[in-house]
Amino acid sequence: ARTVTRDGDGVLTVGGISVTDLAEEFGTPAYFLDEADFRARCRAWAEAFGPDADVFYAGKAFLSRAVVRWLKEEGLNLDVCSGGELSTALDAGMPAERIAFHGNNKSPEEIERAVRAGVGRIVLDSFQEIARVAHIAQGLGTRQKVQIRVTVGVEAHTHEFIATAHEDQKFGIALAGGEAAEAVRRALKLDGLELIGIHSHIGSQIFDTSGFEVAAHRVVGLLKQVRDEHGVELPEIDLGGGLGIAYTSDDDPREPHEIAKALSDIVTRECAAAGLATPRISVEPGRAVVGPTAFTLYEVGTVKPLAGLRTYVSVDGGMSDNIRTALYDAEYSVSLVSRTSDAEPMLSRVVGKHCESGDIVVKDAFLPADLAPGDLIAVPATGAYCRSMASNYNHALRPPVVAVKDGEARVIVRRETEEDLLRLDVG
Ligand code: LLP
């Protein structure tokens with residue numbers, strides 16, 4: 001369903017429109033999102049998991065009203081992790097029962113708003129929050145559906161995962177040492193809560209299903225313990241997000257149906273062995289849904305060859321529209337998209353216009369040696385965690401997100417203006 005291709009002149013097109021036309025109409029830098037691809041990915045996830053499981057799109061990757069409408073139309077649910085994301089979801093018409101509310105430090109005001117709205121689940125992240133949500137729900141005369149987020153002692157990134165007894169990080173309640181079992185004990189006693197399941201999220205940009213399988217195994221272990229101790233079979237387990245995408249040609253991601261099969265096999269097998277009914281599985285992909293669907297289009301400004309080193313190619317954006325390279329050492333690819341070139345490849349580094357040397361968008365890239373100011377270059381796979389983590393550093397204006405489909409381009413998040421910035425400055 002991807003509609004990104006090159007036209008006869010070698011110019012990149014998306015949804016049938018050339019990047020030269022897009023740059024002229026919407027300016028640069030800008031994110032262009034292939035709506036057909038986004039919808040196809042939603043459908044692939046929904047179909048892979050089928051009617052007996054639920055897919056929650058992780059809104060932190062990128063959220064806007066249009067995205068919420070697409071999710072709703074394509075049958076996905078939505079994971080939000082702040083009052084702001086909750087407002088966007090509700091405003092764009094996502095039914096509250098299809099929303100999961102996450103976070104390690106939800107404010108009482110956010111919790112009350114979520115409970116009043118009737119969100120389908122709140123994922124509890126601490127003992128204090130178990131009491132807090134119960135108290136708020138009871139005060140509102142309702143029982144809130146909740147899951148407890150546990151840390152299973154698995155940390156996965158890319159091809160590797162480590163399974164340890166302890167994780168030194170802020171999320172969830174440890175399975176180790178019986179803490180999660182104690183959390184279940186407390187939640188089951190509270191009138192304001194209806195405990196519907198256990199949640200686990202093991203990491204991000206993961207290519208291997210084995211980390212998820214170890215997590216599922218450990219979560220099922222807890223379900224069994226809960227059944228033995230309380231005679232209660234919790235009906236759901238959520239295995240979080242984290243499926244990786246291809247940023248460069250070295251990356252080899254799994255498909256939704258592979259992860260769906262791996263999870264359903266292990267959960268079914270282990271529950272059968274433990275004499276438990278198979279719980280309903282849910283997952284929360286963010287990056288794998290939206291990441292590949294957008295690219296950032298930049299205009300080349302200064303081109304500065306450093307003899308014997310590399311050529312620094314400065315673009316009109318930078319770490320304010322893609323912090324991932326600076327923050328995580330993330331790897332991206334880049335290509336010249338406004339024309340073809342037969343010039344020799346030159347070792348390049350694509351950098352932004354911000355006032356620091358770490359302002360790198362693509363660390364190592366080959367671009368044609370005749371690259372010149374005014375050329376357009378595109379960085380693919382910037383749909384996830386780029387616009388959503390964009391900043392106003394150096395009073396940069398955050399770029400627009402433009403959805404392209406069937407020859408039509410539509411701004412879904414507009415470009416910030418200097419007036420927007422000045423409006424906040426009330427000193
Ligand atoms: N569910 C939970 C509870 C999460 O914490 C996350 C991501 C997801 C789902 C979605 O994970 P995904 O499928 O998108 O990997 N800013 C970082 C990624 C942070 C992810 C945080 N949690 C980045 O740009 O790589």
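The shell around the ligand comprises 8 nonpolar, 8 polar and 5 charged residues; here Ala, Val, Leu, Ile, Met, Phe, Trp, Tyr, Cys and Pro count as nonpolar, Asp, Glu, Lys and Arg as charged, and the others, Gly among them, as polar. In total 21 residues surround the ligand, the closest being Ala58, Ser204, Gly241, Gly286 and Tyr385; a residue is near the ligand if its C-beta atom, placed from the backbone, lies within 6 Å of it. Two or more residues of this shell come from each of β14 (203-206), α10 (287-290) and α11 (324-328). Helices (H or I, at least four residues) and strands (E, at least two) are DSSP runs, numbered from the N terminus. The model is predicted: local features need pLDDT of at least 70 and side-chain atom pairs count only at pLDDT 80 or more, whereas totals for chains, interfaces and linings use all residues. Residues are numbered from 1 along each chain as its sequence is written.

The domain bounds come from an automatic or database domain assignment. The centres of the two domains, taken over C-alpha atoms, are separated by 34 Å. In the interface, 15 residues of domain 1 are in contact with 8 residues of domain 2, contact requiring that the C-beta atoms, placed from the backbone, lie within 7 Å. On the domain 1 side, β23 (401-405) and β24 (408-413) each supply at least two residues. That side has 9 nonpolar, 4 polar and 2 charged residues.

Helix α9 (residues 256-274) may be considered next. In α9, Pro256, Ile259, Ala260, Leu263, Val267 and Glu270 are buried, that is, 20 or more other C-beta atoms lie within 10 Å of their own, while 12 or fewer define an exposed residue and values in between a partly exposed one. Seen down the axis of α9, the buried residues fall within an arc of 130°, so they line one face of the helix; the arc is that of the directions from the helix axis to the C-beta atoms. They pack against α2 (35-49), α8 (210-230), β15 (236-238) and β16 (280-283). The face turned away from the buried side of α9 carries the exposed residues Ala272 and Ala273. After α9 comes Gly275, with a positive phi near 70°.

Val123 belongs to strand β8 (residues 121-124). Because Val123 has 27 C-beta neighbours inside 10 Å, Val123 counts as buried.

Definitions and conventions:
Two residues are in contact if their C-beta atoms, placed from the backbone, lie within 7 Å.
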